[in-house]
Amino acid sequence: MKKMSGMRWPALLALTIMGCASGVVVAQQSDDDIFAEYREMFGDDNPAELIEWQGEDLWKEARGPKQASLEQCDLGLGPGVVDGAYAQLPRFFADAGRVMDLESRLVYCMVELQGFDKAEAAAKPYSGRGEEPSALEALSAFIAGRSKGTPVAVPQDHPAERAAFELGKQFFYLRAGPHDFSCATCHSQSGKRIRLQALPNLTASEDARKAFSTWPGYRISQGTVRTMEWRMGDCARQQRLPEMKFGSDVAIGLITYLGVMAEGEPMDAPGLKR
Amino acid sequence: MRTFGWVKCVGAAVLSTALVSCASTAADAQAQAPSFDDAVKSSFKERGQAGMDRLNRNAMQLACSVPADQSPTGDAAKAIQEQAQARVVFPADGEYFGDWKAGEKIAQTGKGMQYSDDPAEPNGGNCYACHQMAPDEIAYGTLGPSLKGYGKLRGTSDPMLQYTWTRLWNSHVYNVCSHMPRFGDAGILTEQQLKDVMAYLFDPKSPVNQ
Amino acid sequence: MASRMRIRAKAADGVTEVKALMSHPMETGQRKDAEGNPIPAHYITEVTALHNDKVVLQAYWGAAVSQNPFLHFRFKGGAEGDTVTIKWVDNKGESQSDDTKI
Amino acid sequence: MNHHRRTFLKLGGAAFGAVATAALWPLRAIAAAVRPNAAFEATALDGAYKQLGGTPAESADIDLSTPDIAENGAVVPVSVTSKLPGTEAIYILIEKNPNPLAAGFMIPEGTEPFVSVRVKVAQTCNVIAVVKAGGKLYSAAKETKVTLGGCGG
């Protein structure tokens, strides 16, 4: 796995240093590799695969009032084309008249193809503790998995796609709430961490590529695949902001911004996350 | 819902992005401001203790909503820093130190003011998210400087205590677009909690100074 | 068709390497859901691995095995085309069996 | 919109017992063909050892691999390889978990004395591998640090 092998040597070095210095001294700099040994031990056995399978079944299953499958859903590369589609999302969809990320596109297809009520389809996008993965989590895992190896190429051709990028970028720097946090507070410097957690510098291509290409991800602490919109919304929660709405302009704008920053990186999702 | 210091002081100006007049992004910000604000408002909804008012920005938040290299300078920066200084409230009884053990808990706790948090529980300060403090706690962040041996290295002179209290109350006094939350000014920590954190930083018995 | 176990079995140099991922919540009984109600214990208690009809590993698990469990072991012998079967039983009496060809 | 599509065989209590027994019948040859329930229920290391047959002797012939620091205590990879002749069983215990015994593996003839699993580690403590070989118990221990992550906790 690319993201891990790239980190192996500095990680071993860091662990050696720690081992020598009587236990628990952790160097202040360049220690985003503290967990490299831990991650290395997972190898290629990411439980996300189990959820990808559920997503594949769900994609093919006739559901909803129209008893139709999602197999004719157009994810941007034509009806039914799944391979490589995630690497080019979000994008502008003429039929919907707006820029959509994978999750809002899936809701659109559930409504149009399967006849679900829109509010119902988007009512509970993320599973709760102790619950099975949600439909959107399973479908996202499956669809993102089918872009493995495809370079990220989030389009900036349509004016609405460029506007989404600008909105996302501007929001990235917005400081608000009682703690004055913006996305940039934690994600605009390289080599930093929060507690022991490495913080990707999403304003720099190298980190942005690594981050974008590994979402959706299997979240070890939650035992399920979490989606890119979940990632945005949960950051907003920790920023002490109100709830970021599912499928909102800001959510899609941020994902567009990050996707454009990650241009060219081969997709490697679902990743393995804390 | 807590009332933040700036709501009283900055008043109506807080709610208007049109008043941003900082540095090079002013033109951009003004051109985009109305639709940007609308897009942001329509993208969020109130939940738990996190109301929509949290999206209203004060003068500092507006001026600092830019990449670091575009932070306000000169008079614009000075105005924000002076305003921050003017709002610092020092302990009424002149006593800066509480209980370092309580301070340690505050430094370790990251909960508080998220919509997922119980508003009845005291807020944490989450110091360890960004700072090294006690040398035996390895799970510390690096966004802020190390505070290891804080009191031992700096002593407890009046100016040092005032400086540190001010840092905790409103870090923007010293650094116009500081990343650090305004723990006193924004009502994140109570006066007693701030005293406890002060004790954790300065007390010779505190693990920070071992 | 919705297989909920992923089994990989590879034979090399007279040894078969088996890796399995099982889909299971492995609830300890000590967690609470979003509403604060306790989530009942639900975990795999026994796992049996067979090479054709021979038991090659018998495992007993507690709730401390992680959610969506992973198991990796090796047995001597095994040839291409042989079947490796993994079965589990949990504390609620649910069970599942899946197999794969080496 | 949760996705429920389990392929479980739902079984009642009695039927479960019967099926479990049927599934396990080839194991009669193995030393412990029954789940050591009392050992799993023990709430301290000593109690678990007692139920497994006594306090194990430390052995350098057990390779125990766990990370020095785990990013998340909910999933900690553990691998055990025994070089002790006549290895019949491998147990994994987590010193400070509410129930220290996490898993036991019966190793029949022809299976390598090696297992790798992922377990929950509630707090920084020793992960212990206990190996039963030639009727005796041996052990190896290694500390895994469980740390606080993230911003909100």
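**Labels and their grounds**

Mentor: We start with an interface. Ten residues of chain A are in contact with 16 residues of chain C. On the chain A side, three residues are nonpolar, three polar and four charged. Keep in mind that this is a predicted model.

Trainee: What makes two residues count as in contact?
Mentor: Their C-beta atoms, placed from the backbone, must lie within 7 Å. By that rule, 43 residues of chain B are in contact with 35 residues of chain A.

Trainee: Which elements give two or more residues to the side of chain B that touches chain A?
Mentor: They are helix 2 (26-42), strand 1 (44-45) and helix 6 (127-130) of chain B. Helix 2 of chain B gives the most, with five residues. By class, this side of chain B has 24 nonpolar, 13 polar and six charged residues.

Trainee: How do you know that strand 7 of chain A and strand 1 of chain B pair?
Mentor: Pairing needs at least two bridges found by DSSP. Two bridges join strand 7 (residues 243-244) of chain A to strand 1 of chain B, and the strands run antiparallel. Therefore the two strands count as paired. Met244(A) stands opposite Phe44(B) in strand 1 of chain B.

Trainee: Now chain A by itself. What does its secondary structure come to?
Mentor: Twelve helices and eight strands. Of the 274 residues of chain A, 56% count as buried. Among contacts in chain A with a separation of 6 or more, 68% are between residues 24 or more positions apart.

Trainee: Why is helix 8 of chain A called roughly perpendicular to helix 12 of chain A?
Mentor: Helix 8 (residues 159-172) and helix 12 (residues 249-261) of chain A pack at an angle of about 95 degrees. The class runs from 65 to 115 degrees. So helix 8 of chain A is roughly perpendicular to helix 12 of chain A. Their axes are 7 Å apart.

Trainee: Which residues make that contact?
Mentor: Helix 8 of chain A contributes residues including Phe165(A), Gly168(A) and Phe172(A). From helix 12 of chain A come, among others, Ile252(A), Gly253(A) and Tyr257(A). By class, the contact of helix 8 with helix 12 of chain A has ten nonpolar, three polar and three charged residues.

Trainee: And what makes helix 11 of chain A roughly perpendicular to helix 12 of chain A?
Mentor: The axes of helix 11 (residues 228-238) and helix 12 of chain A cross at roughly 110 degrees and come within 10 Å. The range again is 65 to 115 degrees. Therefore helix 11 of chain A is roughly perpendicular to helix 12 of chain A. The crossing of these helices of chain A is right-handed. Met228(A), Glu229(A), Met232(A) and Gly233(A) in helix 11 meet Ala251(A), Leu254(A) and Ile255(A) in helix 12 of chain A.

Trainee: Why do strand 6 and strand 8 of chain A count as edges?
Mentor: The open sheet has three strands in the order 6-5-8 (chain A), with mixed pairing. Strand 6 (224-226) and strand 8 (271-273) of chain A each have a single partner strand, so one side of each has no neighbour in the sheet. The twist averages 40 degrees from one strand to the next.

Trainee: How do you know that strand 5 of chain A pairs with strand 8 of chain A?
Mentor: At least two bridges are required. Strand 5 (residues 217-219) and strand 8 of chain A have three bridges, in the parallel sense. Therefore they pair. Tyr218(A) has Leu272(A) as its bridge partner in strand 8 of chain A.

Trainee: Which strands make up the open sheet of six?
Mentor: The order is 1(C)-2(C)-5(C)-7(D)-4(D)-2(D), with antiparallel pairing. Strand 1 (5-12) of chain C and strand 2 (62-65) of chain D are the edge strands, each pairing on one side only. The twist averages 10 degrees from one strand to the next. Strand 2 (residues 15-22) and strand 5 (residues 70-76) of chain C pair over seven bridges. Val18(C) has Phe73(C) as its bridge partner in strand 5 of chain C.

Trainee: Last one. Why does Phe40(D) count as buried?
Mentor: The cut-off is 20 or more other C-beta atoms within 10 Å. Phe40(D) has 21 C-beta neighbours inside 10 Å, so Phe40(D) counts as buried. Phe40(D) is found in helix 2 (residues 37-41) of chain D. Not counting residues up to four places away in sequence, Phe40(D) touches Gly62(C), Asn99(D) and Leu101(D). The C-alpha atoms of Phe40(D) and Asn99(D) are separated by 6.4 Å, with the two residues 59 apart along the chain.

Conventions: Residues numbered from 1 in each chain as written. Chains lettered and ligands numbered in written order. Predicted model: local features only at pLDDT ≥ 70, side-chain atom pairs only at ≥ 80, totals over all residues. Nonpolar A, V, L, I, M, F, W, Y, C, P; charged D, E, K, R; others polar. Axes fitted to C-alpha atoms, helices over the stretch in contact; angles between N-to-C directions. Helix = DSSP H or I, 4+ residues; strand = E, 2+ residues; numbered from the N terminus. Parallel < 35°, antiparallel > 145°, perpendicular 65-115°, else oblique. Buried ≥ 20, exposed ≤ 12 C-beta atoms within 10 Å, placed from the backbone. Left-handed = near helix turned anticlockwise from the far one by under 90°.
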